[in-house]
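Hello,

I am passing this structure on to you. Please have it open while you read the notes below.

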Amino acid sequence: MPLHLPHNLVPILFVVLLVGFPYILGPILIKNSQKIARRAVQKRYDPATLPPEAASFFYNAVTSLTQAGFTVIDYITKPGETPNVTPCIVNLVNRSNGDMASVACFFAVVNGITQVQNNSVFLTTVYANGEIVGSCIMPPKSAGSCYKYRPYAHGCRFFDDIDVAELYRRHRFLVEKYAPNSPVIVPEPGREMESFDRINDDVHDYQVKQGLMRIDTTRDAYVPTWFGAFYMTWALLWPCKQLRLAGAQAKAKRELDDYRRKTQ
């Protein structure tokens, strides 16, 4: 006998398929399109050529960091690192304590038009035993990266509207709070970019160890595994994104409350 579905079950199945579509199609698209070049070509750029919405962000961030003791190392862009997204980055180092800073603006191609996707500031302190303390400013609704991060990376993403000088004060607080009994690795003069590249490579190599990505030797790129494609896609969809964002915001609030108790 032919199978007949109850009439009231048809719309339910339609809704289930419609809602579940991105959870299945998304990973398939990510699996077949995403790649991150292992040795992306770096090019220098002139910050004066940035569009106004990015230029003012760069200027204010760099000014604040240089006033706090940082030195500009280089302005770089990686046009071929990921498809349709080009980061423009200025890297800085505080030689007195080894703190590293990256001010980044990401340009994305949307419907053939290049647009500013977001602006971010990352502060990192690396220790000889492999531990890391990191701080960053992220857009309020951003759930951040969907990668897995090493258990010995102590970090906090702040979501409130603060300037870079305040972010650095919070970062130094986190350094004092989490710093292990290990010396800080201060980037060697003239080889600072190697330190920044090493941090970036370590993040992707860890994804390989966790099974989220693999190395495609033919394209010399990191590409997602099927597990990674589902993991990273679902991490950016409801309800996973909302749960991750709520967790990150709760952690930021705890760190901020602790910071205020100790500094006020």
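**Notes on the strands**

Keep in mind that this is a predicted model.

Start with the hairpin of E5 and E6. Strand E5 covers residues 99-110, and strand E6 covers residues 113-126. The two run antiparallel and are joined by eleven bridges. Two residues lie between these strands. Asn111 in this hairpin has a positive phi near 55°.

Next, follow E6 to its other pairing. Six bridges link E6 to strand E7, residues 132-137. This pair also runs antiparallel. Five residues separate the strands in the hairpin of E6 and E7. Here Gly130 takes the positive phi, near 95°.

Which residue stands opposite Phe122 in E6? It is Ser102. On the E7 side, the bridge partner of Phe122 is Cys136.

Now turn to another part of the chain. An open sheet of three strands has the order E1-E10-E9. Its pairing is antiparallel. Which strands stand at the edges? They are E1 (36-37) and E9 (213-216). Each has a single partner strand, so one side of each lacks a neighbour in the sheet.

Two bridges connect E1 to strand E10, residues 221-224. These strands run antiparallel. Ala37 stands opposite Ala221 in E10.

As background, strands of a sheet pair through backbone hydrogen bonds, in either a parallel or an antiparallel way.

Best wishes

Terms used. Residues numbered from 1 in each chain as written. Predicted model: local features only at pLDDT ≥ 70, side-chain atom pairs only at ≥ 80, totals over all residues. Heavy atoms only, no water. Pairing = 2+ DSSP bridges. Helix = DSSP H or I, 4+ residues; strand = E, 2+ residues; numbered from the N terminus.
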